[in-house]
Amino acid sequence: MDNLLHVGKNIPRTAETDKVTGRAVYMDEYKRPGMLHGKILYSRYAHARIKSINTEKAKNLPGVRAVITGYDIPDVRVGFLGDQTVLKRDLVRQFRDEVAAVAAITPEIAEEALKLIEVEYEPLPAIFDPLEAMKPDAPLVHETDARGRPLRSNILPLPWKFNAGDVEKARQESAYTATDSVNTPWINQCCMGTSGCVAEFDSNNNLMFCSQTNVIFGAKQRIQTYLLNIGLKGKKIRVINPTVGGSFGTKLDTDIYEFICIQLALKTRKPVRIRFTREEEFMALPPRQTARFTIEQGCDKNGLLTFRKVEAILDNGAYTSWGATTPSVMMLPISSMYRVPNVSFQATCVYTNNIYSQAMRGYGNPQAAFAVETSMDHLAETAGIDAAEFRMINRNHPGDVTPMGLKITTCPLEQCITAVKEKIKWDEKRGKRNGRGVGMASLIHVAGGARVYLSDGTGIRIKVNESGEVDVLSGSTDQGQGSPTVIAQIVAEATGFKPEDVNIVFGDTALGLWDAGTHASRHTFVAGNAAVRAGEKVKQQILELAVQYIPKMVKRSLKQQKKKNPDFVEPELDYTLIDSPEKLDLRNRMIFPKAAPDHPHFKTEVGKILTSGLHVGTGESKAVVAEVFWDPPTEMLNAEMKGNYSCTYAFGAAGVEVEVDRQTGEVKILKLVSAHDVGRAINPSLVKGQIYGAAYIGVGYGLTERVQLVDGKVVNPNFRDYKILTANDAIPVEAVIIEDPDPAGPYGAKGIGEPGLVPTAPAIANAVYDAIGVRIKDLPITPEKVLAALKAKEG
Amino acid sequence: MSNYEYHKPQTVKEAIGLMESLENAKYIAGGTDVIVLVKQEKLAPANLVSLRNISELVYIDTKDGLKLGAGVTHSAIANNEFIRKRYSALADAAGAVGSKQIRNVATMGGNICNAAPSADTACPLLVLDAKIVIDGKAGKREVPIDDFFLGPNKVALNAGELVTGFVLPDLGSNTGSAYIKHARRQAMDLPIIGIAARAAIKIDGNEAVCRDSFVAGNDISQTIKRLEDERLVFEDVRIAMGVVAPRPVRAKKAEEAIKGKIISEKLLKEIGEIAASESQPRDSIRGEAWYRREMVKVLTGRAILRSIGRIVGPEQMTNPNRLW
Ligand SMILES: Cc1cc2nc3c(=O)[nH]c(=O)nc-3n(C[C@H](O)[C@H](O)[C@H](O)COP(=O)(O)OP(=O)(O)OC[C@H]3O[C@@H](n4cnc5c(N)ncnc54)[C@H](O)[C@@H]3O)c2cc1C
């Protein structure tokens with residue numbers, strides 16, 4: 001794998017100039033003739049009965065083309081558990097419940113019309129604390145399930161229970177144990193581009209849906225089901241992406257606003273766009289799930305972990321989206337971070353009248369890692385072992401099979417921890433308790449796809465045009481992370497072209513082959529693997545053409561030279577050098593014999609061969625095109641929640657140095673080191689970009705960010721009060737790339753989209769403890785919490 | 001969103017005349033408060049009278065104290081060497097407003113007239129004894145800033161009146177001032193609390209010793225101890241607090257209590273306690289009352305100390321991010 005020409009190079013991102021110069025077509029720029037603008041009316045209560053809705057005044061407002069309520073559309077259930085409808089008829093169960101929607105000729109008129117809709121509510125008692133909601137006599141958020149069967153409890157019927165070994169026995173045999181309760185908050189994904197879509201039906205009710213989804217085929221399927229359920233059978237649906245300004249989990253599920261947009265388009269027979277304001281993005285888009293963990297761990301007298309027992313309670317909110325499935329990823333660190341033989345984990349998702357949650361970068365991993373890594377530090381201290389050493393003793397090794405059944409292939413966790421220790425000056429700085437401290441945390445994440453659906457595959461089709469542009473058609477998406485650049489590098493390497501020859505077509509269900517979605521850090525790995533394979537096929541086809549045409553071209557050229565110059569002596573050429581594709585290679589657009597790479601007659605620019613191959617006269621000729629559908633060799637989790645659901649796993653560690661102001665409780669990060677096992681960095685600067693970005697989100701998670709809910713209502717729905725970090729809060733992040741090429745990865749690469757976020761917050765919390773001796777187990781670590789904890793400690 | 005007419009007078013007189021004749025009119029300077037309020041539909045003016053083209057509102061006059069036009073932007077203040085040295089608290093505050101983009105358009109006049117309890121430049125103007133210069137159809141008048149704030153977003157302006165500028169007295173070279181914005185991030189944030197201080201000191205001895213103690217290093221207790229050994233006496237002190245009451249307020253009892261005393265760690269702590277007793281913070285989503293009160297205790301002393309730092313070592317611009 002040496003001698004790579006394009007993989008491993010810092011090739012600048014391809015599409016970004018258009019973005020920074022304003023040329024890129026984001027959802028705002030995506031316009032259709034006659035397009036209308038949709039707006040949604042949300043509930044005014046966390047829980048209420050809708051007594052009446054009057055839309056007359058709104059309908060009469062000039063410029064309004066449609067006003068719809070739950071009574072105007074079929075009462076069809078949507079969502080992961082089918083526990084909600086698109087527009088709510090009788091009951092609202094959360095503040096973001098969609099009660100009515102308007103389509104108008106301008107967004108302003110639509111907004112105006114919302115104010116004219118009169119809704120009469122009868123408020124009902126609401127429940128906001130999941131612990132309260134779990135009690136047997138708690139009022140029910142849902143009286144029935146999706147099929148109308150009565151429900152007896154607010155606890156969701158989900159199977160999040162995992163057991164390996166004998167935790168009870170291991171606890172008794174442990175020399176040391178530590179128990180902690182930790183909480184993580186709701187946080188908003190804060191995409192730069194807010195949510196939106198455009199729905200457009202043709203006269204046969206076929207749907208063109210411009211959506212920001214990163215799962216275009218999943219979205220198509222959900223919409224297909226929805227259309228079927230509302231009586232539109234056999235309609236063609238095409239899902240396309242505009243340029244997308246970030247996803248971070250928000251584009252995984254099909255959201256209610258998208259179904260509303262479809263309904264408005266159906267009703268008005270016009271293209272309709274819905275576009276969220278930032279306030280809506282905060283209050284009407286599901287954030288990362290909040291969770292409460294109780295974690296207990298034990299180790300023997302040498303510091304080897306003996307058991308881990310985790311219980312989690314997840315506030316599900318009023319309905320169910322992907323948030324309720326985050327335990328499937330919490331399981332990763334809980335079962336498999338460090339070697340721990342006996343593990344039990346149970347997660348309980350509870351309905352409340354809070355807003356519901358969905359996916360966010362890292363899925364359940366950052367939440368669970370905060371629990372595990374907080375406990376690791378605590379247990380290390382109890383056992384009297386240095387926290388870094390404790391992690392080193394218990395680290396994962398290549399070849400391990402974890403209690404969950406994960407098969408660890410490559411695993412440079414040791415190098416990651418060592419790099420962090422060194423760069424953060426661990427030995428010199430740890431344990432001073434002088435207001436400055438260092439802390440660390442590690443991570444494991446899926447890095448070779450994640451079999452959450454029956455298929456975890458991706459199809460890639462590569463066609464090479466007659467002059468040598470390489471079109472790559474993929475069912476994947478790009479939400480801004482730079483995938484087109486990475487795929488272009490991989491395709492250039494595999495085919496023998498240059499990255500600038502490669503043209504990537506993403507995000508169109510009509511052009512791309514099926515893909516499971518650009519999620520779970522899987523794109524570079526899975527699509528990359530498909531791309532390598534398809535690229536190699538393309539190259540083979542071209543070399544076959546070369547065997548056929550290079551001799552002809554050479555001979556023709558020699559003949560012409562002879563004709564021009566009778567004194568010309570034809571050289572003796574050894575045509576066996578190029579008589580089979582195996583003897584040829586194609587790199588950087590040049591075809592040459594492997595045995596004589598600089599051969600003056602045989603070395604040929606690829607474009608000449610392509611033209612010769614195509615333009616042969618009448619009848620059939622050969623166009624260069626290949627496609628590969630690749631699905632990694634992995635397993636779906638079984639009923640016991642076990643199975644090797646990724647082809648390989650990524651490891652990493654973060655180290656943080658903080659300074660804590662003991663009088664104000666402020667935590668300042670002096671340095672953050674984030675070392676990651678990436679297999680191979682296809683594009684090191686893009687890898688670093690992923691690490692920096694994830695680390696920053698991790699710092700926000702650790703110190704400042706939270707969606708604040710008061711009685712179910714989001715009270716900080718803007719960037720003034722939602723404290724995402726600004727450019728001025730820049731902290732020095734050192735990204736360390738650890739390369740240990742994975743045999744299963746494309747050129748050895750592993751996924752790196754999510755990992756950087758995972759260990760950051762717990763590393764900060766552990767550093768705070770090292771600095772001042774108080775452990776904050778409730779994110780974010782605000783100055784108030786630090787000061788209160790210090791005061792409590794001082795008594 | 002409301003529709004409004006936008007007027008662009010060239011002179012103060014013209015502006016006052018427009019205000020007089022137009023229905024439901026509102027002044028707009030940088031617009032960074034006004035437009036937000038209009039978008040939130042908390043304000044629905046039929047007419048906006050822009051002050052942006054009135055050149056007579058834009059001046060920084062450093063003869064005899066400091067005179068500022070209402071139209072001066074936060075950037076202009078934060079970048080002004082003279083203000084940074086002699087009216088440091090104001091430069092601290094102006095430099096901490098919003099972000100560079102906001103500071104480039106937002107004005108002092110707008111900040112003071114909007115009169116948010118969190119307005120960053122309010123506390124500095126309170127400790128610097130500023131007077132507000134007002135013009136209107138009834139003529140010009142001047143109001144001490146402490147009488148100008150009436151409550152949240154309420155100021156002592158009569159209908160149609162506008163603020164033309166601010167007058168700040170010359171405070172002498174033995175005076176320094178500072179403003180501490182205690183916020184959750186470094187930009188685009190409102191303070192959890194803001195504290196401004198101004199201290200005039202008498203040093204019975206060698207000024208250089210004081211300077212050295214500040215420049216020397218981190219251990220603040222030692223710095224204070226050295227200043228105490230130098231018998232550094234507070235001649236006059238002002239303390240103002242933001243976000244702890246419906247309007248930015250002075251901590252007058254604390255100011256009284258410190259006057260004439262020799263600096264010591266104990267004294268600064270006591271002053272902090274007194275100032276805290278004068279604050280009436282509330283719980284809000286942006287901060288809890290108990291924490292705000294605690295911060296008054298801590299940051300009052302720090303702001304005073306930072307002020308002293310500015311007297312003894314103005315050329316160092318003793319403005320480290322952290323003293324502790
Ligand atoms: C993103 C953002 C961040 C911000 N951050 C901060 C911050 O950190 N700290 C802070 O204190 N503020 C902050 N603000 C608020 C605002 O920027 C300041 O209050 C600013 O100084 C207002 O000035 P302006 O010129 O934009 O005022 P405008 O919005 O034009 O006017 C504000 C008010 O003052 C009146 N007015 C303006 N000039 C005069 C005058 N000469 N005479 C009489 N009335 C007048 C207007 O009628 C209006 O009522 C922020 C605002 C935004 C949008």
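I started with the largest cavity, which holds about 70 Å³ of space. The model I am reading is a predicted one.

I then asked how many cavities of 30 Å³ or more the structure holds. I found three of them.

Next I looked up the lining of the largest cavity. Among its residues are A:Val78, A:Gln84, A:Phe259, A:Pro286, A:Ser321 and A:Tyr356. Sorted by class, this lining has five nonpolar, five polar and two charged residues. I also wanted to know which domains the lining draws on. Domain 1 (31-124 + 195-275) and domain 2 (291-452 + 636-794) of chain A each give at least three residues to it.

**The second largest cavity**

Here I noted about 60 Å³ of space. Its lining includes A:Ser195, A:Gln212, A:Lys251, A:Glu258 and A:Leu285. I counted the classes again: two nonpolar, five polar and four charged residues.

**Stepping back to the whole chain**

I looked up 19 helices and 30 strands in chain A. Its radius of gyration is 29 Å, close to the 28 Å that the globule rule gives for 795 residues, so chain A is as compact as a globular protein of that length. Along the principal axes, the C-alpha atoms fill a box of roughly 105 × 75 × 50 Å. Last, I checked burial: 63% of the 795 residues in chain A are buried.

How values were computed: Residues numbered from 1 in each chain as written. Chains lettered and ligands numbered in written order. Predicted model: local features only at pLDDT ≥ 70, side-chain atom pairs only at ≥ 80, totals over all residues. Heavy atoms only, no water. 1 Å grid on protein atoms, 1.4 Å probe; cavity = no way out; pocket = protein on both sides within 12 Å on 5 of 7 lines; lining within 4 Å. Points joined across faces, edges and corners; volume = space filled by probe spheres on them. Nonpolar A, V, L, I, M, F, W, Y, C, P; charged D, E, K, R; others polar. Domains from an automatic or database assignment. Helix = DSSP H or I, 4+ residues; strand = E, 2+ residues; numbered from the N terminus. Rg over C-alpha atoms; globule rule 2.2 N^0.38 Å. Buried < 20%, exposed > 50% of the residue type's maximum accessible area, 1.4 Å probe, protein only.
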